Amino acid sequence: MKLKLIIACVLVGWQVVASGAEFANAKPKDIALKPIQNSYRNVLDLSGIWKFKKDEKNIGESEKWYNGITKSRTIAVPGSWNEQFTDMRDYLDWVWYETETYIPEAWKNEHIYIRVDDATYTAKVWVNGEPVGYHEGCHVPFAFDLSAHIKWNQPNRISIKVENKLSPGRVPTGNVPGSSFGNFPNANYDFFPYSGLNRPVVLYSLPKQAYIHDVTLRTDFEGSTGKVNAIVEQKGKAQSGKITISGYGEKLTQSLQFSNGTANVTIDVPNVQLWSPENPALYDVKVELLDNGKVIDEYDLHTGIRTVSTNENSILLNGKPVFLKGFGKHEDFPLVGRGTALPVMVKDFELMKWTGANSFRTTHYPYDEEFYDMADREGFMVIGETPGVGLIFGGDSLELEQRQEICRQYITELIYRDKNHPSVIMWCVANEPSDKAKLGTFGGPRKTKEEKQKAYDAFAENFTLAKELDPTRLVMYVGVMMGPTDWFELTDVIAINRYWGWYTTPGDIETGSDVISTELDRLHRKFKKPCMVTEFGADTYAGMHAVQPEMFTEEFQVEFIKAYLDVAASKPFVTGMHIWNFADFKTSQAVMRFGGYNLKGVFTRDRKPKMAAHYLRSRWNKEAKE
């Protein structure tokens, strides 16, 4: 295995040398703080119309397209290329993006970075024809320092090369031999592999003398006194600073003294307003760096003071049981694909509130940061999930190590980026992992004890890393039907996706609800942890009806959801129910996906309610009043 890894590294290095370019690898800590505009920092959003060109033969680098592409077409950034062009729905190979921009002369003596909020899946960046950086991975940002490559008083060309090839060594996986999905494109997951620059691209500046590199806020409370522990990291020559927490009649300031670039303080907040869905109280936090008493950098953010824990039966928010009502969902909408669409985001929150939901899981990847800011303000509890959907822990050892490496990167990037959001109460390190060589290979030769232990040990590494990076939140994974259950030893909450009565015993809701009831009892009895059903639902063609509920009708969807919710209501250890899905979404083509869509949404893809949405509104809002 070590030899294979060495060979792989040599090959990667050869590709870099052969292209005549040296690319810096992205550093996860560089995305810890979202770029903001204030008196010391600047942001220039490059969203808009860019040049775009296919590179089917991967000749762009050898032909030096980074010096300017010709015969291009236009594309909107952000937005998935699969939705914007009539000939590129299923194209996942190399493409080039290009734009030009002036950089304000006032930035001349600053650190200047580019931040790409999502390039799915692999990206290389050039500025004015010079190589800047490389990043592998989807749905997470990356940033590079451009300072040495800027041209002043003239346009600067930014070139980004992107591809989204499906591979067994990537996360999420694709083109897995023997996969149970049997779809086109051959993704090993049940949503469309939208590609490209799906979120904004921005330039931003940081003060030259010193700047705040990271802020980590961890909260607690004792009685009526809140506690905010702040860990501040700075780069540069600042030796002191201060932090101020304001809100609800309080303004509390404490000095910062740095040692090896880090300061650590705890501030008591009297008469604390605790963050919760009923009272999403946010405090303003201002961090300043000082030089001889003069402010040289400032970063502003918000925090909600709250705690998250569990007992045998419940998730506890601020020490009190809370029940998670909500959905799995996708960043998915016509025309934009997985591209950032802020009006759609606002509408989704309005519709979730309309149903009475109080939570959602970011299935099956980190969402745009605006989702978490909105959840903070609106009082939604969020399960933040990595792109580790359909993980497999068998097969080729080199591919396994590749997947493990990218999983560790994802967990690090996810936690660095989202750790200060009070709305995020849990990290989900994977959705529906399998200890078998291929997802869906439930028959055939049984795995040996050694093979199963190897899969468990590999998966446990992800939990250990998440807990080390953030000891304040719960950590979970979501189990697939007939998947390994022993792995729930690792989790704070047992979370399962179950479709008894749909994929198994199809159409027989009564038998399906009996099976899920028995299974929940068995899991709780074995592990003595709170349980959630994080996916359950039925494909439903909007407008299809029957006198007696039948599969694919709106009546069947209502009865299916009702049966599962009734089972949960009878069990005090069930602490949450997330319906699959909030809205219909695009998938690869498959026999089981009519029109290339998963139709389990309680809303249509364009956000019109099905009968199930009205049913949830009636049930969940009534429960909230009781």
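The expected span of a helix is 1.5 Å times one less than its number of residues. Helices are DSSP runs of H or I with at least four residues, and strands are E runs of at least two, numbered from the N terminus. This is a predicted model, where local features need pLDDT of at least 70. Residues are numbered from 1 along each chain.

**Exercise 1.** Find what span helix 6 should have, and check it against its end C-alpha atoms.

*Solution.*
Step 1: Helix 6 covers residues 449-469, which is 21 residues.
Step 2: At 1.5 Å a residue, helix 6 should therefore span 30 Å.
Step 3: The end C-alpha atoms are 31 Å apart, which agrees.

**Exercise 2.** List buried residues of helix 6 and name elements that cover them.

*Solution.*
Step 1: Buried means under 20% relative accessible area, with a 1.4 Å probe and protein chains only.
Step 2: The buried residues include Tyr456, Phe459, Phe463 and Leu465.
Step 3: Among the elements covering them are helix 5 (397-418), strand 27 (424-431) and strand 28 (474-479).

**Exercise 3.** Describe how helix 7 and helix 8 pack.

*Solution.*
Step 1: The axes, lines fitted to C-alpha atoms over the stretch in contact, come within 9 Å and cross at roughly 25 degrees.
Step 2: Helix 7 and helix 8 are therefore roughly parallel, a term for angles under 35 degrees.
Step 3: Their contact (heavy atoms within 4.5 Å) includes Ile509 and Ile516 of helix 7 and Phe556 and Phe560 of helix 8.
Step 4: By class, this contact has eight nonpolar, three polar and one charged residues.

Note on methods
Predicted model: local features only at pLDDT ≥ 70, side-chain atom pairs only at ≥ 80, totals over all residues. Heavy atoms only, no water. Buried < 20%, exposed > 50% of the residue type's maximum accessible area, 1.4 Å probe, protein only. Axes fitted to C-alpha atoms, helices over the stretch in contact; angles between N-to-C directions. Parallel < 35°, antiparallel > 145°, perpendicular 65-115°, else oblique. Nonpolar A, V, L, I, M, F, W, Y, C, P; charged D, E, K, R; others polar.
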